Amino acid sequence: MKLTVVGCSGSFPSADSACSSYLVEADGFRLLIDMGNGALGELQRHCGLYDLDAVLLSHLHADHCIDMCAYFVARYYRHDGGPAAAIPVYGPAGTERRLNIAYGDVPDEKCMSEVFDFRTLEPGSFRLGPLTVTTDAVSHPVEAYGFRIEHDGRTLAYSGDTGPCESLHGLADGADLFLCEASFTHGKEDIPELHLNGLEAGQCARRAGARPVLTHIPPWTNPAVNLRDAQHAFGGPVELAKSGAVYEI
């Protein structure tokens, strides 16, 4: 698998990165995980607008899904050949309604489903092209999921947005690469069931035996502090996600 970090900023875009969005490619299949603020523009640096085969939305906070409204425009109002064919869009219950409300002026309530084949996420596993995707609920104020994506004996795990929870360990167990959120700073923020800090991210990666790449760090959080805390807890190399970074898994 090939992973490209399209955007990795948490809460709102930074000067250096769009919000959460990750492109996974395998055997010619292109899967996008999340499409937060600014992600659609950055995505076009890495693939064409109509080259995606499926989208996974971990949850419905704007910094993970709001650019789906812009992507609807690109697919529905396409001038060359009419609307693009519908692609699978997996998200929590109510994803279609939420995006319709966010857009606010769709021609009718069903037009998004002409270009997005909405499918409801729930814990479990399913095939998506050449990929095996396992989802489980994580700890966040809204319905939210983490993902485990497997292909040809290799595994990518993605925490989504979450506080510490047991399901995250199952998703990350033995992963070759673990995209793990680290929004909070240890000793500064302590809000249960919302986000991880760098120390917690490192602890989770160590327990899972998974190579951690820290992501979803908001512009107001010092990434160097979270990196230090994660390295201390993990006891090995830890990286910070950067927009445009590419990983071969």
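I looked up D117 and found it partly exposed, at a relative accessible area of 30%. For the terms, I take buried as under 20% relative accessible area, exposed as over 50%, and partly exposed as in between (1.4 Å probe, protein chains only). I am working with a predicted model, where local features need pLDDT of at least 70, side-chain atom pairs count only at pLDDT 80 or more, and totals for chains, interfaces and linings use all residues. Residues are numbered from 1 along each chain as its sequence is written, and side-chain values use heavy atoms, with hydrogens and water left out.

Next I checked the partner of D117. The side chains of D117 and R119 form a salt bridge, 2.7 Å from N to O. I count a salt bridge when a side-chain nitrogen of Lys or Arg is within 4 Å of a carboxyl oxygen of Asp or Glu. R119 is partly exposed too, at 34%. Side chains of opposite charge can pair when their charged atoms come close. By this rule I get eight salt bridges.

I then picked E166 and R207. Their closest N and O atoms are 2.4 Å apart, in a salt bridge. E166 sits in helix α5 (residues 166–172) and R207 in helix α6 (residues 198–208), so the pair ties together parts 41 residues apart in sequence. Helices (H or I, at least four residues) and strands (E, at least two) are DSSP runs, numbered from the N terminus. E166 counts as exposed, at 53% relative accessibility.

I also noted R211 with E239, a salt bridge with its closest N and O atoms 2.9 Å apart. This pair links distant parts of the chain: R211 is in the loop between α6 and β12, E239 is in strand β13 (residues 239–240), and they are 28 residues apart. R211 is partly exposed at 35%, and E239 is partly exposed at 32%.

How many of the ten residues of helix α3 (residues 67–76) are buried? I found eight, so the helix is largely enclosed by the rest of the structure. Among them are M68, F72 and Y76. Their cover includes α1 (39–43), α2 (62–65) and β6 (116–120); contact here means heavy atoms within 4.5 Å.

Last, I checked backbone angles. S11 is not a glycine, yet has a positive phi of about 75 degrees. S11 lies in the loop between β1 (2–7) and β2 (21–26) and is partly exposed, at 33%. H216, also not a glycine, has a positive phi of about 60 degrees. H216 is in the loop between β12 (212–215) and α7 (223–234), and is buried at 2%.
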